[in-house]
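Student: Please take me through a few features of this model and show me how each one is read.

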Amino acid sequence: MLRHTLIAAAALASLATHTAFADAVKQTKGNFQDKFRQLEEILPTPNVYRNAAGEPGHQYWQQKVDYKINIELDEAKRRLTGSEVISYTNNSPDTLKYLWLQLDQNRFKTSSASEMTSTFRGTVTRNPTIATGDGGKPARISLGQLRRQQRMVDVEHGYEIRSVKARGGADLKATIVGTNMRIDLPKPLKPGQSTSFSIEFSYNIAETKIVGGRSGYEHFPKDARKGGNDIFVIAQWYPRLHAYTDYEAWTNKEFLGSGEFTLEFGDYELSLTVPADHIVSATGELQNAKQVLTKKQLSRLKKAETAKRPVMVVTAEEALENEKEGTDKTKTWRFKAKNVRDVAWASSRKFMWDAKGYKQGGEVQPFVMAMSFFPKEGGDLWKKYSTEAVIHTMEVYSRFSFDYPYPVAQSVNGPVGGMEYPMITFNGPRTKLQDDGSRTYTQADKRFLLGVVIHEVGHIYFPMTVNSDERQWTWMDEGLNSFLDGIAGREWDPSMPWGVEPRDVVGYMKGQTQVPIMTQSDSILRFGPNAYTKPAVALNILRETILGRELFDFAFKEYARRWMFKRPTPSDFFRTMEEASGVDLDWFFRGWFYTTDHVDVSLDKIYKLRMDTKNPDIDYGRLRDAENQKPEALFNKRYVAEGRKTWLELNEDVRDFYDENDRFTVTNKERNKYNKFLKGLKPWERKVFDRAISEDKNYYVLEFSNKGGLVMPIILGLTFADGSFEKMYIPAEIWRRSPDAVKKMLVLDKELKSVVVDPDWETADVDVENNIYPRRIVPSRIEAFKAGPRRGRGLVGRDIMQDSKAKLKTDDKKTGDKKKDGEKKGDKKEGSKK
């Protein structure tokens with residue numbers, strides 16, 4: 001213990017020294033900003049847990065937590081009741097007196113910090129149509145927001161913790177603090193020791209489309225079964241341990257809704273008791289398939305292992321028949337999962353189920369069963385694409401990181417638009433029922449399904465395996481994953497927009513709502529562009545433009561493999577990318593991740609230069625030609641146009657020497673000076689000078705200004721007078737001593753016609769017009785419109801005289817529109833005869 005204390009003290013002392021050094025280095029003269037200042041001044045000091053190369057240190061540790069969970073779903077009450085036995089192993093060098101657990105469902109208590117701090121403009125639902133109004137106009141609130149408020153009053157959400165007991169049955173003191181719970185241990189847990197305890201809990205499941213959140217249920221009132229059916233997608237649902245880390249100790253920050261979580265790895269045994277006609281998908285491998293599946297379903301599941309296309313384990317006809325009745329009986333589905341950081345599950349009698357085996361090879365997990373669970377509302381969209389997209393994701397991600405580490409990978413359709421957990425993902429897109437009973441989907445629906453399945457399955461790699469802290473650094477999983485899903489998506493269909501190109505982030509980067517990528521998740525102003533798009537674009541630029549694919553791919557794979565089943569921090573990523581690529585990237589990470597600068601490199605001016613020969617007979621002639629190319633003075637042009645003659649023309653008899661010789665006339669004095677210059681050159685100087693004169697190359701000086709503040713390489717597209725084109729790459733280090741403006745000389749064999757900065761839009765430059773020289777006429781559009789009649793505003797603008805003649809309309813009872821009670825026109829009970 002003394003050794004660990006000394007290590008900790010040394011680390012603190014080193015950190016204090018590092019911080020003092022960073023504060024001591026200050027620019028107090030002028031306005032110079034060092035955009036290439038090393039990040040080591042602000043990154044945590046390397047130690048025995050995380051070394052300077054960005055990899056786990058030789059004394060790296062993390063805790064282990066195992067769970068045995070028994071849960072029962074009360075479908076009628078939409079309530080979960082269960083118990084868990086938790087085994088906690090303290091691998092840290094610290095003695096723990098208490099443990100902190102997450103109670104994520106407490107976020108939905110009306111008294112929670114999440115609810116109490118939501119603003120009127122609707123941060124819970126992010127509804128932009130809600131308006132606060134003022135004294136002159138009414139405030140606005142959506143009916144959906146009103147419905148949510150009413151549901152929160154009508155249904156009590158959050159945990160009911162019925163007991164917390166030690167292994168022997170004694171009660172443990174538990175203190176609930178918002179979405180956290182502290183359990184005081186009966187005796188301190190020393191390094192290397194383990195303890196176990198049990199918790200009994202229950203809670204009411206939230207209706208996702210009303211209350212929000214990453215899990216819950218969705219109700220289908222129009223199903224054939226009386227009262228309809230539900231799909232339950234259950235996540236962040238059981239009391240679970242907070243992570244205890246070397247960099248923060250307990251990661252027990254309050255759950256406000258945006259920042260997700262980081263957890264400890266462990267082994268799970270999960271017993272789920274649900275209605276007997278439900279189909280269940282869950283984290284882990286099903287242990288009792290013979291007890292919960294029919295012989296036909298077992299046979300189909302076996303067939304799926306070697307099938308070329310997904311095999312229906314539960315068919316559409318079986319699922320539709322299943323929807324009609326319901327049952328009072330129950331079944332218990334049992335799952336086991338090893339070395340996962342969480343478990344989630346889904347249950348419904350509506351589910352179809354398809355599966356296809358994926359033989360990825362390797363030693364760790366040579367075979368993976370890819371599966372999808374979806375209702376009839378998923379239709380052919382899900383049948384065609386979901387499971388295939390799951391396998392495609394594994395194929396691509398494994399090239400950039402490591403083989404998929406688990407035996408199953410699942411995609412489940414439910415009320416959650418997109419969410420990920422180990423071995424299981426929730427994905428939202430569906431088809432639309434048409435009047436003729438068919439189901440169709442739009443191009444947007446297809447893009448959404450492919451995009452969300454790839455993205456969420458990708459999350460099983462980051463952060464479910466590379467276990468970053470989502471609540472603190474959202475970009476480490478969303479940004480890295482968005483970068484990779486952009487690769488996987490474009491390898492599926494490059495014509496589909498994936499939102500990871502540099503052009504996709506320019507609007508956000510030049511706006512006033514941007515915050516640094518390193519901002520903690522709950523403080524981000526625009527979550528999508530900040531946590532997803534900008535870091536994904538940054539990595540795309542790093543791969544395609546800064547490092548190149550070979551260096552980047554090697555470094556990125558090294559990072560993924562180093563931190564597989566471990567917990568990296570941003571400094572570990574930054575250091576690994578630098579150490580493995582061999583390229584200084586501090587300027588890049590500082591600018592893109594720690595600031596809100598944007599890219600706007602302007603090509604302000606180009607000077608064309610020609611080498612003086614020093615020979616006056618040549619150079620003076622060039623000067624005369626340059627003077628003659630200037631526009632003639634307007635006075636002179638008009639004087640001649642009027643037919644008038646100058647005084648000299650009228651008095652030719654008084655002309656002198658200077659009327660025949662201009663200021664560019666060469667004399668022997670200049671020729672003697674030239675000869676003296678040549679004689680004064682050393683042999684090597686004469687050789688260099690003569691070559692420069694004979695080659696007569698084209699010299700150009702380009703003036704650049706950095707209007708956005710973010711330093712980047714300058715990529716030039718050079719178009720020459722002969723019609724040829726070349727690209728030139730100038731590294732970002734050109735800005736190192738002058739980050740605001742630089743000049744660059746180009747010595748070229750051919751004459752330049754025009755220059756474009758970033759011709760392929762690969763650096764996220766926000767203003768492409770100032771990249772072009774000479775400037776161009778900016779293309780745009782104009783649209784004609786027809787002006788409507790002018791009317792008065794507000795209540796006095798109504799034509800009450802006319803409006804008072806209107807008759808009150810009643811429900812349409814025309815013969816052709818007869819409908820059953822509760823059935824809208826165009827709706828059709830699926831499964832009925834046409």
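Tutor: First, the conventions. This is a predicted model, in which local features need pLDDT of at least 70 and side-chain atom pairs count only at pLDDT 80 or more, while totals for chains, interfaces and linings use all residues. Residues are numbered from 1 along each chain as its sequence is written, and side-chain values use heavy atoms, with hydrogens and water left out.

Student: Is Asn204 buried or exposed?

Tutor: Buried means under 20% relative accessible area, exposed over 50%, and partly exposed in between (1.4 Å probe, protein chains only). Asn204 has a relative accessible area of 18%, so Asn204 is buried. Asn204 lies in strand 7 (residues 194-204); strands (E, at least two residues) and helices (H or I, at least four) are DSSP runs, numbered from the N terminus.

Student: Which residues does Asn204 touch?

Tutor: Contact means heavy atoms within 4.5 Å. Leaving out residues up to four places away in sequence, Asn204 touches Arg78, Arg79, Val155, Glu156 and His157. With Arg79 there is a side-chain polar contact of 2.8 Å; the term covers a pair of N or O atoms within 3.5 Å, where within protein one must be able to donate a hydrogen and the other to accept it, and residues adjacent in sequence count only if both atoms are side-chain atoms.

Student: What is the strand order in the open sheet of 6 strands?

Tutor: Two strands pair if DSSP finds at least two bridges between them. The order here is 16-19-20-21-23-22, with mixed pairing. Strand 16 (311-314) and strand 22 (418-421) are at the edges with a single partner strand each, so one side of each has no neighbour in the sheet. Strand 20 (residues 367-374) and strand 21 (residues 408-413) are paired in the parallel sense over 5 bridges.

Student: How many residues of helix 15 are buried?

Tutor: In helix 15 (residues 586-594), 8 of the 9 residues are buried, so the helix is largely enclosed by the rest of the structure. Those buried residues pack against helix 10 (475-492), helix 11 (506-509), helix 12 (527-547) and helix 14 (570-581).

Student: How is a helix pair described?

Tutor: By the angle between the two axes and the distance between them. Axes are lines fitted to C-alpha atoms, for helices over the stretch in contact, and angles run from 0 to 180 degrees between N-to-C directions. The axes of helix 14 and helix 15 cross at roughly 150° and come within 11 Å. The contact involves Phe573, Phe574, Met577 and Glu578 of helix 14 and Asp586, Phe589, Phe593 and Tyr594 of helix 15.
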